[in-house]
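Subject: Structure handover

Hello,

Here is the structure for you to look through. My notes follow below it.

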Amino acid sequence: MRFLNRIKPAFWDHRILNGAPYRSQFNFRRTWYAAVFVTSAVVLAPLIFMAFMDYRATRHDVESEILLTTSRLVSNIRRSISYFFDERKSALHFLVHDNNFKMDENPRRLAQVLENLKKSFGGFADLGCIRPSGIQGVYAGPYNLTGKDYSNQEWFKEVVKRGEFISDVFSGFRHVPHIVMALKFPSSDGSFGVLRATLDTGKFDNLLSNLEIDGHGDAFLVNHEGVLQTPTRSHGKVLERISLPIPDFAPETRVFPWVTKTGATLVIGYRYITDTPFILMVVKHKQELMKAWENTRKELIEFLAISVAFILFVILWGATYLVTRIYESDQKLIVSLHQVEYTNKMASIGRLAAGVAHEINNPLAIINEKAGLMKDLFLFKKEYQKNQVLMGLLDSILGSVTRCGKITKRLLGFARHMDVSIQTVNIEEVIREVLGFLNKEAEYRSIRIAIDVAENLPNMDTDAGRLQQVILNIINNAFAAMENNGNLRVKAVMEGEKDILLTIADDGCGIPETDLKRVFEPFFSTRTGKGGTGLGLSITYGLIEQLGGTINVKSELNRGTTFTITLPLTIKEKEMKNSCAYS
Amino acid sequence: MRILLVDDEQELVETLAERLSIRRIEARWATTGDAAMKFLEQESFDLAVLDVKLPGISGIDLHRKMKAKYPDLKFIFMTGHGSQDDYAAGSAETGKDYYLLKPVNIEKLMDKMKKLMGR
């Protein structure tokens with residue numbers, strides 16, 4: 001809160017004073033809010049919108065890229081696997097069609113063929129011919145399978161029906177994963193035979209397991225029932241059922257996302273491999289693939305946050321600066337209006353006083369002359385000369401006329417100063433002239449006034465009207481602060497060679513320290529609602545500034561207040577011209 | 001010493017003239033500029049006491065007119081008004097010392113007259 005109070009701009013607590021003749025035209029807090037909210041909305045909304053769109057576009061790009069690379073990878077592997085099967089199938093076709101292959105082949109020649117196939121293609125485990133009855137004929141390989149009956153096996157029925165067959169991976173008799181590839185071929189006797197080769201899966205197991213796949217990826221084959229045909233890194237062993245869904249048939253490569261039970265998202269690419277029971281699947285962890293994107297996202301969000309913070313700071317600072325400026329000029333305007341009004345008021349009072357004095361002076365002069373004539377007549381005629389009562393009455397009339405004359409002269413003097421700008425004055429005379437108006441009040445309230453003006457104080461070339469207003473304002477304030485029986489001290493001395501130091505001290509109620517700094521602020525008053533407008537001292541301050549002087553105040557609660565005014569002996573003409581613009 | 005008093009307040013000039021004659025100073029009075037000029041044509045005066053504000057013509061203008069016609073005539077101004085313009089104009093014509101504010105003390109007036117005539 002203390003920090004907030006420190007940075008709180010001056011206009012924040014501005015209140016419209018009730019009864020003040022000139023008011024602020026703005027609600028500063030509302031202006032500030034409007035500036036901040038409108039600017040923020042206009043600036044931040046597009047920024048956030050653009051950032052959001054960019055975020056979505058980038059994310060979409062990254063995701064597309066993932067799908068595309070996965071799809072490409074699946075295609076490439078599929079090509080290799082297809083090639084593996086096609087190559088071997090072609091070799092077997094070549095064997096049965098072009099090599100004059102016979103059902104009752106010489107076992108040694110078959111062994112030679114197997115050896116050649118192993119050498120040139122690899123992956124062949126054994127080779128055998130099966131008669132139409134399903135009984136194994138010649139056989140070349142590590143086991144003795146001659147005479148084995150395959151007639152009831154599904155693959156045999158299949159190959160008889162379709163001409164060729166590639167089996168799922170199975171352990172078979174040998175408990176080693178392998179694939180059977182079989183072809184039906186016509187025999188010389190018009191019947192047919194089946195060439196059956198067992199393929200080692202090791203060859204394409206290696207092909208798949210050696211692939212470097214990003215995103216902790218895995219590439220493997222499953223059959224149409226979802227049984228794993230090749231080893232995997234993290235989706236089970238050979239001949240186990242995979243936990244992933246078996247993708248629907250599609251003639252081309254497809255990629256789809258899939259969420260596991262644990263909530264992780266997988267990107268699955270697959271391809272049905274033609275003429276085989278296999279589906280090639282490439283599985284990647286999306287989270288891993290998105291890591292690069294996470295960094296980009298983090299940077300994007302950081303950039304956005306910093307931008308928003310910076311923009312908000314600039315907006316807040318800008319709005320505060322502008323509204324403060326408006327507030328300051330507004331306050332200045334109000335003070336100026338008040339000063340103009342005050343000056344006009346004083347000038348009107350001056351003119352009124354002069355008018356009254358003039359009107360009174362003429363009848364006063366007549367009274368003076370008539371009473372004077374009476375006295376003359378009495379003095380010249382001896383019969384009244386000794387009448388003390390009559391003489392006393394006449395002297396009393398003449399005395400009163402003289403007193404009235406002094407009052408009207410003072411009024412005229414006061415008014416005379418109002419009209420002029422710069423004239424030569426004696427500060428003591430000005431002080432006494434001002435006090436002349438307050439003498440009666442001082443008398444009633446038993447306030448003692450001590451005037452202490454240094455001897456040989458030079459005359460001042462200054463605006464006497466303003467000077468007397470300054471003195472009048474401060475002494476009026478002092479009178480308001482003092483109880484009856486108070487003491488007022490007015491002192492004037494030289495300060496250096498060019499300034500006069502005027503001190504006006506009272507022993508009144510004093511000003512609390514918290515208010516002391518603010519007494520010269522416009523509208524600051526402890527007497528608001530009791531006749532104070534809070535402008536007396538601010539106007540005084542303005543007047544002293546116009547006279548080229550300075551004012552300071554010292555005060556102690558319940559002990560009194562001292563105003564110290566420094567005024568130059570000669571006022572600069574230029575300063576006056578500027579400051580007289582509104583008077 | 002013959003004196004001409006000019007003021008629009010007849011009672012004032014009348015009384016003042018009487019008081020001066022008690023003091024053995026011969027004084028005539030007029031309440032307008034025209035009347036004052038007529039007096040000057042008919043009789044000779046040593047000194048004129050003028051109000052700054054007169055009906056029809058200001059004391060300052062009247063002073064100029066008289067001074068042009070009667071260069072030897074001396075002047076004292078008297079005013080009930082203390083406006084700066086009048087003061088500046090009046091004191092420029094005669095000097096500050098001979099610009100008096102009403103009500104005027106007769107002894108002071110006599111002093112000024114004597115000073116002016118003795119000069």
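Strand β1 (residues 124-130) of chain A runs antiparallel to strand β5 (residues 192-200) of chain A, and 6 bridges join them. Helices (H or I, at least four residues) and strands (E, at least two) are DSSP runs, numbered from the N terminus. Two strands pair if DSSP finds at least two bridges between them. The bridge partner of A:C129 in β5(A) is A:L195.

Before going on: this is a predicted model, in which local features need pLDDT of at least 70, side-chain atom pairs count only at pLDDT 80 or more, and totals for chains, interfaces and linings use all residues. Residues are numbered from 1 along each chain as its sequence is written, while chains are lettered from A and ligands numbered from 1 in the order in which they are written.

**The antiparallel sheet of chain A**

β1 and β5 belong to an open sheet of 5 strands, ordered β2-β1-β5-β4-β3 (chain A). The pairing is antiparallel. Its edge strands are β2 (136-140) and β3 (164-166) of chain A, and each pairs on one side only. From one strand to the next, the twist averages 15°. Angles here run from 0 to 180 degrees between N-to-C directions, and axes are lines fitted to C-alpha atoms, for helices over the stretch in contact.

Two helices pack on this sheet. Helix α3 (residues 107-120) of chain A touches β1 and β2 of chain A. The direction of α3 makes about 145° with that of β1(A). Helix α4 (residues 154-162) of chain A touches β3, β4 (178-186) and β5 of chain A. The direction of α4 makes about 140° with that of β3(A). Contact, here and below, is between two residues whose C-beta atoms, placed from the backbone, lie within 7 Å.

**The mixed sheet of chain A**

Another open sheet of 5 strands has the order β11-β13-β14-β16-β15 (chain A), with mixed pairing. β11 (448-453) and β15 (550-556) of chain A are the edge strands, each pairing on one side only. Neighbouring strands are turned by 10° against each other on average, direction ignored. β11(A) runs parallel to strand β13 (residues 487-495) of chain A, with 6 bridges joining them. A:A450 stands opposite A:R489 in β13(A). Helix α11 (residues 464-481) of chain A packs on this sheet and touches β13, β14 (499-506) and β16 (560-568) of chain A. The direction of α11 makes about 20° with that of β14(A).

**Two crossing helices**

How do α7(A) and α13(A) lie to each other? The axes of helix α7 (residues 291-380) and helix α13 (residues 536-546) of chain A come within 10 Å and cross at roughly 85°. The two helices are therefore roughly perpendicular to each other (65 to 115 degrees; under 35 counts as roughly parallel, over 145 as roughly antiparallel, the rest as oblique). From α7(A), the contact uses A:V335, A:H338, A:Q339 and A:Y342. From α13(A), A:S538, A:I539 and A:G542 take part.

A:T540 also sits in helix α13 of chain A. This residue is buried, with 24 other C-beta atoms within 10 Å. Buried means 20 or more other C-beta atoms within 10 Å of a residue's own, exposed 12 or fewer, and partly exposed in between, with C-beta atoms placed from the backbone. Leaving aside neighbours within four places in sequence, A:T540 is in contact with A:V470, A:N473, A:I474 and A:I551. The C-alpha atoms of A:T540 and A:I551 are separated by 8.9 Å, and the two residues are 11 apart along the chain.

**Chain B**

Chain B has 5 helices and 5 strands. Its elements run β-α-β-α-β-α-β-α-β-α from the N terminus on. Strand β1 (residues 2-6) of chain B is mostly covered, with 4 of its 5 residues buried. β1(B) runs parallel to strand β2 (residues 26-30) of chain B, over 5 bridges. B:L5 stands opposite B:W29 in β2(B). β1(B) also pairs in the parallel sense with strand β3 (residues 47-51) of chain B, over 4 bridges. There, B:V6 stands opposite B:L50.

**Totals**

Chain A has 14 helices and 16 strands. Of its 583 residues, 29% are buried. In chain B, 39% of the 119 residues count as buried.

Best wishes
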